[in-house]
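I opened the model and kept notes as I went. The entries follow in the order I looked things up.

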Amino acid sequence: MKPTIGVLLPTDLQAQLFSDNQRAILHSLGEVRWNERAEHLTEEEAAAFLQDCEIAVGSWGTPIPSAKILDACPKLRLWEHAAGSVK
């Protein structure tokens, strides 16, 4: 059974960090839930969004794997940080 993957990034950051091909690859790995908002989720919103996810994908400005989120998301097993830099 494929994992559920929650992508916390706001829509503009998703467009910057994930090409169409990379999105397709991610979808081949599991059921992907994308944050559909243009702004970052709060910690409370992230906890609700990730509640049934096994994998979370965050980035700069997204909530971090806090105790509040981890307590609300018992299935969560992996937290990935997606980012890019020219440095």
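**Surface.** I took accessible areas from the Shrake-Rupley method with a 1.4 Å probe; for residues, only the protein chains shown count as cover. On that basis the protein has an accessible surface of about 5400 Å². Carbon and sulfur atoms hold 56% of that surface.

**Ground rules.** This is a predicted model, in which local features need pLDDT of at least 70, side-chain atom pairs count only at pLDDT 80 or more, and totals for chains, interfaces and linings use all residues. Residues are numbered from 1 along each chain as its sequence is written, and side-chain values use heavy atoms, with hydrogens and water left out.

**Fold.** I read helices (H or I, at least four residues) and strands (E, at least two) as DSSP runs, numbered from the N terminus. I found four helices and four strands. Their order along the sequence is β-α-α-β-α-β-α-β. The radius of gyration is 12 Å, close to the 12 Å that the globule rule gives for 87 residues, so the protein is as compact as a globular protein of that length. I took that radius over C-alpha atoms; the rule is 2.2 Å times the number of residues to the power 0.38. Along the principal axes, the C-alpha atoms fill a box of roughly 35 × 30 × 25 Å.

**Burial and contacts.** I called a residue buried under 20% relative accessible area, exposed over 50%, and partly exposed in between (1.4 Å probe, protein chains only). Buried residues make up 38% of the 87. I counted a contact when heavy atoms lie within 4.5 Å. Of the contacts with a separation of 6 or more, 54% join residues 24 or more positions apart.

**Charges.** I counted Lys and Arg as positive and Asp and Glu as negative, leaving out His and the chain ends. Each charge was placed at NZ of Lys, CZ of Arg, CG of Asp or CD of Glu. There are 8 positive and 12 negative charges, and their mean positions are 4 Å apart.

**Threonine 4.** I looked next at strand 1 (residues 4-7), which holds threonine 4. Is threonine 4 buried or exposed? Threonine 4 counts as buried because its relative accessible area is 9%. Setting aside residues up to four places away in sequence, I listed its contacts as Glu31, Arg33, Asp52, Cys53, Glu54 and Ile55.

**Threonine 62.** I found threonine 62 in the loop between strand 3 (55-58) and helix 4 (67-72). Its relative accessibility is 9%, so threonine 62 is buried. Which residues does threonine 62 touch, not counting those up to four places away in sequence? I noted Leu8, Leu9 and His40. The side chain of threonine 62 also reaches the backbone oxygen of serine 59, at 2.8 Å. I took a polar contact as a pair of N or O atoms within 3.5 Å; within protein, one must be able to donate a hydrogen and the other to accept it, and residues adjacent in sequence count only if both atoms are side-chain atoms.

**Serine 66.** Serine 66 sits in the loop between strand 3 and helix 4. I logged serine 66 as buried, at 14% relative accessible area. Its C-alpha is 9.4 Å from that of alanine 47, 19 residues away along the chain.

**Aspartate 12.** I placed aspartate 12 in helix 1 (residues 11-17). Aspartate 12 is partly exposed, at 46%. Glutamate 36 is 24 residues from aspartate 12 in sequence, and 9.9 Å from C-alpha to C-alpha.

**Proline 74.** Proline 74 belongs to the loop between helix 4 and strand 4 (78-81). At 56% relative accessibility, I marked proline 74 as exposed. Cysteine 53 is 21 residues from proline 74 in sequence and 8.7 Å in space, C-alpha to C-alpha.

**Histidine 81.** My last stop was histidine 81, in strand 4. Histidine 81 is partly exposed, with 45% relative accessible area. Leaving aside neighbours within four places in sequence, I found histidine 81 in contact with Gly58, Ser59 and Trp60.
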